[in-house]
Each structure stands twice: as structure tokens, then as C-alpha cells.
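Good morning, and thank you for joining this group meeting. I shall present one model today, moving through its sheets and then its helix packing.

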Amino acid sequence: MEVFLIRVLQFILAISLLVFLHEGGHFFFAKLFGVRVDKFYIFFDWKFSLFKFKPKGSDTEYGIGWLPLGGYCKIAGMIDESFDTEQMKQPMQPWEFRSKPAWQRLLIMIGGVLVNFLLALLIYSMILFYWGDTYIPVKDMSLGMKFNQEAKSYGFKDGDILVGTEKGEFKDFSADLYRDISEAKRVDIIRNNKKMSINLPGDLNLLGMMKADPSFVRPLIPAKVDSVVPGTPAEKIGLKAGDHILALNGSPVDSYNEFVDLLGRRQDMLDTANSSADSLKARTVTIVFGNESKKDTVTTQLTPDLKLGFVVTSIAGLYQPITKEYGFLESIPAGIKYGWNVLASYVDDLKYIFTADGAKSLGGFGAIGSLFPPMWDWYMFWKMTAFLSIILAFMNILPIPALDGGHVLFLLYEIITRRKPSEDFMIKAEYVGFGILILLMVVANLNDILRWLGYM
């Protein structure tokens, strides 16, 4: 429960900040050009609000809504999600959005996106300035990698040390490494202390590589026990720190990765169990373990969630991370480059949304919230906030009616053709766009529910 609350608090804080600044971007340009703002809300106030006030002499009502689906900056004389058609029937006023030149209306509409994008670049820059960039170079992972069968079909072997592709050297083990391999026609490796290259088609399915079980490539982790959890099957069978897992149910174990994969097959048995006897059979395993002086073979029962009860050394414990420090002036271009790379990668990955696996990977509030760490970590909080800010900027600029990008599209049409779309058309387009957004939101959050129930 504590982990859930910590993630919820981080999510609410990040979203509140991003929504406030996004709507603040619209508010700033509206006020700059003398446009009246009737309401400025964090979250939607459908039917009622949690808090509201209107300063004396101000035209704007400020408040906090109860529905966390975004923010709301109601600009006078504009057709938006409020569908306030009565105001549009009144004579045009000089302080209304519709009375302003198209270029001013355009800046008002892109104000939110602009603020979110600049905010992300600022956060990334300050992260690099304050914390630097800490990572483990892939080429320093001397134990190499563990590959699945698809990767091995292209020529990779367990233990290969990844160096880079024809585009350059790998930095760290992250989604960028998968992306580079998926687009590579040549991957450079070190095998048995010899430099080699493996040829690839250059168009591997990135989503398939990452979602595969086991995944395309993972850092190889030795099946060496670092510590044993008290009261678990591992303690009962005499497993001790320094022991190696050598086999599971007759299958040799060459790494902790292999051990986890073999347990995954037991999970399949457990999922299809029709009786307590079947469940017990799935949980019963024969393990061979030992060290240089002894070797034991023991049959035991795993916990209900198929855990033996030992911990291995993490990647951070196996290798020495390096940290690149940045001065204040150095951090700004580095943060801009980092943010731009995040945006480019996100845009490139959108093509997978139109596939069956891509549609299933859509996530709602639950999926976004789970991206935050289970413990309060300011580094990860700001990194996630910057990432969400970039996503919010990009999604809002998409040319979908009801989003900022839809309004921008119609304004560009007006600027080019010098013809303004009719108010009736704009209202209908707003309804269509709003319907699309609701549909996407329902699908994304339904996916969250199905994943939670174990159907995806």
C-alpha cells in the first residue's frame, strides 16, 4: 500500500505541475495579446470543483477540478471543450480570441506545447548539471549478454560483449540499445577476446524485441547467490552466499537469466493448473547447487509466487558505473540534445501503435503511474516529469480536433487560404476530436485493467 501511495503522489505532483504550466502557456499569450481568460483550472471541474476563487477586479476564475484528465484555460470567444456556443452567438468583442489576428491566435494555441517542450529541456539540463550522467558502458560489461533464440538465429552467442553498430558505439544498456540493434545492418561484438561483426537486416521489430519473453538481449548475470532470504525454501535447503545454481529439473543453468527463464516455464504450468495437485507439481523442483568444495541435489517446493528466496548481485554491483559531470553552461546543450533524442525516439516508436502488439501496449493512468519508482527518488521523479512533459507536448500538437494541434491546423488553413472555417464546422470538429480522445482514453485504461487482471 505504501508503494502505491508513493507512486500516486509522484504521479499527481508531476501531472499537476505539467498541467499548470501547459495551461499557463496558453494563459500567458492570451494575456499578452489582450484576450480575456474566463477560467483557469488544474484538472476539469465538470459539475463541481474542489477549490475556486476569483480575485477582486479580475475576469478570471481560478480553481482545481476533481477530474484529473488535464487542465482547462477557458479563453473568451473560442470554441473549445466547454462547447460554449451561447458566447459565440453574441457580437464579437475586441477582447475575444476570435477578434484577434490569426498569428496571435496561433501563438496562444501553441503556448502550452511550447512551455511543456522547453520545460522538458530545462529539466534534463538541470538533471545533468546537478547529478551528472551516471551509467555503465556496455563495452565494459565483461560477462557479456544473454540472448534469446531469435537473436541467436542471427549469429549472437551468450557471452558476446556488445560494442556498437555502424552508427557508433553503444552507450549504456537501455531502450536506445535495442533501437540501435533493430536499425543496424552490422553489430560489432567481442567474442572470446576477438573482435567480430554480425550482419543484421536493419529492420528488426523493436517492440517485438523488447516484449519477447525472454527478451532479445539482456546483460548476463551469474547464477551466484549473494544472499539468502530468511524463512524461504532457499534457506531450508541450505543454500548459502557464494553458492552457484548449477541445474534446475535436469536443465543446466549457465546464468541467473537462464534460471529465471526456466522458472517462467513453471509459471506456465501453474497458470494452467486445474487442481491443487497440479499446482503442487508446478511448484516442486529439483535444484543442483554448490561451490568448489561441494555439490548438492535437492527437491523442494517454491513459494506460491514461484520464488526460491535468494538474491544475486545486481548489474550495478557487477560493474563500476562512470559519471560524466557537466558545468552549468555545458549542461544546457547536453540537456537539449538529450531531450531531442527522447522526443525523436518516442516519435519513431509511434509506428508500432498501429500494430496489434502496439495497441495492447497502450497504457493509461495506471501504466504511467507505475513508471515512477516505488521509493521517493528526486532524480527519477524529475526524469519522469521531463519525459511526461515531452509526451504531453507532442500529443497535444497532433492535428486532432479538441487538441491544441487541431486548432493549430485550422489556423494554418486560415493563414494560408485567408478563409476562416465556419463556427458550425469548428463545433462539429470539436465533438469528433473529443470523441476520439475519450475512445483512446478508454482503450488505454482498459488495457491497464486487463493487465492487472492478468489477461494481457
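Predicted model: local features only at pLDDT ≥ 70, side-chain atom pairs only at ≥ 80, totals over all residues.

**Sheets and helix contacts in the model**

Residues are numbered from 1 along each chain as its sequence is written, and side-chain values use heavy atoms, with hydrogens and water left out.

A word on confidence. pLDDT is the predictor's confidence in each residue, from 0 to 100. The chain has a mean pLDDT of 87, with 91% of its residues at 70 or more. Among the elements of the chain, the lowest mean pLDDT, 59, belongs to helix α12 (residues 356-361), and the highest, 97, to strand β7 (residues 186-191). Helices (H or I, at least four residues) and strands (E, at least two) are DSSP runs, numbered from the N terminus.

Two strands pair if DSSP finds at least two bridges between them.

Contact here means heavy atoms within 4.5 Å. Axes are lines fitted to C-alpha atoms, for helices over the stretch in contact, and angles run from 0 to 180 degrees between N-to-C directions.

Ala247 has Pro252 as its bridge partner in β12. These two strands form a hairpin with two residues between them, and Asn249 in the turn has a positive phi of about 50 degrees.

The next sheet is also an open one of four strands, in the order β6-β5-β7-β8, with antiparallel pairing. Here β6 (168-169) and β8 (194-199) stand at the edges, each with a single partner strand, so one side of each lacks a neighbour in the sheet. Strand β5 (residues 161-165) runs antiparallel to β6, joined to it by two bridges, and Gly164 stands opposite Glu169 in β6. Six bridges pair β7 with β8 in the antiparallel sense, with Ile189 opposite Met196 in β8. β7 and β8 make a hairpin with two residues between them, where Asn192 in the turn has a positive phi of about 55 degrees.

I turn now to helix-helix packing. Helix α1 (residues 2-32) and helix α3 (residues 102-130) pack at about 140 degrees, their axes 7 Å apart. They are therefore oblique to each other; angles under 35 degrees count as roughly parallel, over 145 as roughly antiparallel, 65 to 115 as roughly perpendicular and the rest as oblique. The residues in contact include Leu18, Gly25 and Phe29 of α1 and Gly111, Gly112 and Leu119 of α3. By class, this contact has 11 nonpolar, six polar and no charged residues. In this scheme Ala, Val, Leu, Ile, Met, Phe, Trp, Tyr, Cys and Pro count as nonpolar, Asp, Glu, Lys and Arg as charged, and the others, Gly among them, as polar.

Helix α3 also meets helix α15 (residues 404-417), their axes coming within 9 Å and crossing at roughly 160 degrees. The two are therefore roughly antiparallel. The contact of α3 with α15 has nine nonpolar, one polar and three charged residues.

Finally, helix α5 (residues 175-183) and helix α11 (residues 328-349) pack at about 55 degrees, with axes 12 Å apart. Which residues make this contact? Asp176, Arg179 and Glu183 come from α5, and Asn341, Ser345, Asp348 and Asp349 from α11. By class there are no nonpolar, two polar and five charged residues.
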